[in-house]
Amino acid sequence: NIDAKIYQQLKETYSKEPSPEEILYYIYGIFYSNTYRTKYAEFLKIDFPRVPFTANFEVFGKVAAYGKQLADLHLFKSKTLDHPISKYHGSGDNDRIEKIKYDENANCIYINNGKYFDDVTPELWNYQIGGYRVLHKYLKDRKGRMMEAPRLYSRIITAIGKTIVLQKQIDAVYSQVEKKTIEF
C-alpha cells in the first residue's frame, strides 16, 4: 500500500528497489527513535507522522534492520526472548494478582505477598507506550485474576529491555538519517 512514486524515488536514489518489508521496517525503526519522537512531538500530536527517508542506502539498511528486530520482538518472534531477563519467583500456591508493587531497591515486581518477578530495573518498570507504563498496565488489567502466563510476562519484560537497547542504537544513527533526506 505504498505509493508508486515513493518506490520509484527510493529506487532511483538507492540504485535498487527496497522491498515493501524493508520500507515497513525502516518506518518502524524511525518511529521508535526517541530523537525522532522528541523532535517531532508536537507535530505527531496534530497530524499524520512524516517519515524522513534518508538518501543514504547504508543508513536506510541499518534502520530497517533495527526496525525488523523491533518488529520481531513485539510480535514475540525473536529468539532472544527465549532467554528472559526476568524470572517468576515465590512460594506458595497463590498466583493471583492481588497487590501490584514495584520494589526499586530489589528490582522486583510483586503481584502479591509471595510472588514476584526479578531483575526489573526502574527503566523497564517505567517504560511507557501511549502514556501507560507497560508492565504496570499489563498487571493492573489482570488484577484479581490468576497469573496464568508468567513466562509471557517475563518475555514482555525482556522485549521491553531489548527495545530500549535498540532505541539507543537507532538514536545513534538517527542524525545520519536527516543529514540528507529524499524529497517526495
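Which residue lies over the face of Tyr132? Lys137 does, at 4.9 Å from the ring centre, and such a charge is said to sit over a ring if NZ of Lys or CZ of Arg is within 6 Å of the ring centre and within 35 degrees of the ring normal. The charged end of Arg37 likewise sits over the ring of Tyr32, 4.7 Å from its centre.

This is a predicted model, in which local features need pLDDT of at least 70 and side-chain atom pairs count only at pLDDT 80 or more, while totals for chains, interfaces and linings use all residues. Residues are numbered from 1 along each chain as its sequence is written, and side-chain values use heavy atoms, with hydrogens and water left out.

The protein has eight helices and six strands, where helices (H or I, at least four residues) and strands (E, at least two) are DSSP runs numbered from the N terminus. Read along the sequence, these elements follow the pattern α-α-α-α-α-β-β-β-β-α-β-β-α-α. The C-alpha atoms fill a box of roughly 65 × 35 × 30 Å, taken along the principal axes. Of the 184 residues, 35% are buried; buried means under 20% relative accessible area, exposed means over 50%, and partly exposed lies in between, as found with a 1.4 Å probe on protein chains only. If we take contacts (heavy atoms within 4.5 Å) between residues at least 6 apart in sequence, 67% of them join residues at least 24 apart.

Within H2, the residues Ile23, Tyr25, Tyr26, Gly29 and Ile30 are buried. Seen down the axis of H2, these buried residues fall within an arc of 165°, so they line one face of the helix, the arc being that of the directions from the helix axis to the C-beta atoms. The cover over the buried residues of H2 includes helix H1 (4-14), helix H3 (34-39), H5 and helix H8 (150-177).

Helix H5 has 18 residues and reaches 25 Å from its first C-alpha to its last, close to the 26 Å expected at 1.5 Å a residue. Its buried residues include Val59, Phe60, Val63 and Ala64, and what covers the buried residues of H5 includes H1, H2 and H8.

A pair of aromatic rings is described by the distance of the centres and the angle of the planes. Rings of Phe, Tyr and Trp (its six-membered ring) pair if their centres lie within 6.5 Å, and planes under 30 degrees apart count as stacked, over 60 as edge-to-face and the rest as tilted. By this rule the count comes to 15 aromatic pairs. One of them is the stacked pair of Tyr26 and Phe60, with 4.8 Å from centre to centre and 25° between the planes. This pair links distant parts of the chain, since Tyr26 belongs to helix H2 (residues 20-31) and Phe60 to helix H5 (residues 57-74), 34 residues apart. The rings of Phe57 and Phe60 have their centres 5.9 Å apart and their planes at 20°, so this pair is stacked. Both Phe57 and Phe60 lie in helix H5, three residues apart, about one turn of the helix. Phe60 counts as buried at 1% relative accessibility, whereas Phe57 is partly exposed, with a relative accessible area of 27%. Ring pairs link Tyr14, Tyr26, Phe53, Phe57, Phe60 and Phe184 into a cluster.

Finally, two loop residues deserve a look. Most residues other than glycine have a negative phi. Ser15, in the loop between H1 and H2, has a positive phi near 60°, and Ser15 is exposed, with a relative accessible area of 65%. Asn107 has a positive phi of about 55° and is partly exposed, with a relative accessible area of 25%.

Notes. Expected span 1.5 Å × (residues − 1).
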